[in-house]
Amino acid sequence: QVQLVESGGGLVQAGGSLRLSCAASGSNRRINTMGWYRQAAGKQRELVASISSSGSTNYADSVKGRFTISRDNAKSTVYLQMNSLKPEDTAVYYCNVQGVRVTTLTVFGSWGQGTQVTVSS
């Protein structure tokens, strides 16, 4: 299994910025897609942004132009730079990675523990 350690959440005023990080560890795994999801209170978990192993990105419409996802393959780390934050961005943010187990060629998916992002108005 791949272990994910998230960091960077917190409390920020509207218009501010935060940067989330998620480091993956584990052996015999090839990581393909890395992404960030969020879940606000009383709502379903939703995709915020994802990035493929080749660097192709995908964003939710609500964050386009404000959030930037990136990854460092050498460090098996994915980042989410969040600018111009709004109160509606308040949620628990979860890191997700998907890949292949090298030894069995089976796919896997792993979730981080979640980090709270709170944006005050």
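## Ground rules

Two strands count as paired here if DSSP finds at least two bridges between them. Strands themselves are DSSP runs of E with at least two residues, numbered from the N terminus. This is a predicted model, where local features need pLDDT of at least 70 and side-chain atom pairs count only at pLDDT 80 or more, while totals for chains, interfaces and linings use all residues. Residue numbers start from 1 along each chain as its sequence is written, and side-chain values use heavy atoms, with hydrogens and water left out.

## Strand β8 and its partners

Let's start with β8, residues 77-82. Strand β7 (residues 67-72) runs antiparallel to β8, and 6 bridges join the two. Within that pairing, F67 has M82 as its bridge partner in β8. The two strands make a hairpin with 4 residues between them, and S76 in the turn has a positive phi of about 50°.

β8 also pairs with strand β3 (residues 18-25), again in the antiparallel sense and over 6 bridges. Here C22 stands opposite V78 of β8. How much of β8 is buried? Taking buried as under 20% relative accessible area (1.4 Å probe, protein chains only), 5 of its 6 residues qualify, so the strand is largely enclosed by the rest of the structure.

## The nonpolar core

A nonpolar core here is a set of buried Ala, Val, Leu, Ile, Met, Phe, Trp, Tyr and Cys residues joined through side-chain atoms within 4.5 Å. The largest one has 30 residues, and W36, L80, M82 and Y93 touch the most other members. At least two residues of this core come from each of β3, β4 (29-39), β5 (46-51), β7, β8, β9 and β11 (115-120).

Which residues does L80 reach, leaving aside neighbours within four places in sequence? With contact meaning heavy atoms within 4.5 Å, its list includes W36 and Y93, along with L18, L20, V48, F67 and I69.

## Two loop residues

Now for a couple of loop positions. S52 sits in the loop between β5 and β6 (57-59). S52 counts as buried because its relative accessibility is 18%. Not counting residues up to four places away in sequence, S52 touches N32, T33 and R71.

V102 lies in the loop between β9 (91-101) and β10 (106-111). Its relative accessibility is 44%, so V102 counts as partly exposed, a label for values between the buried cut-off and the exposed one, which is over 50%. V102 is in contact with N28, R29 and R30, leaving aside neighbours within four places in sequence. V102 and R30 are 72 residues apart in sequence, yet their C-alpha atoms are 6.5 Å apart in space.
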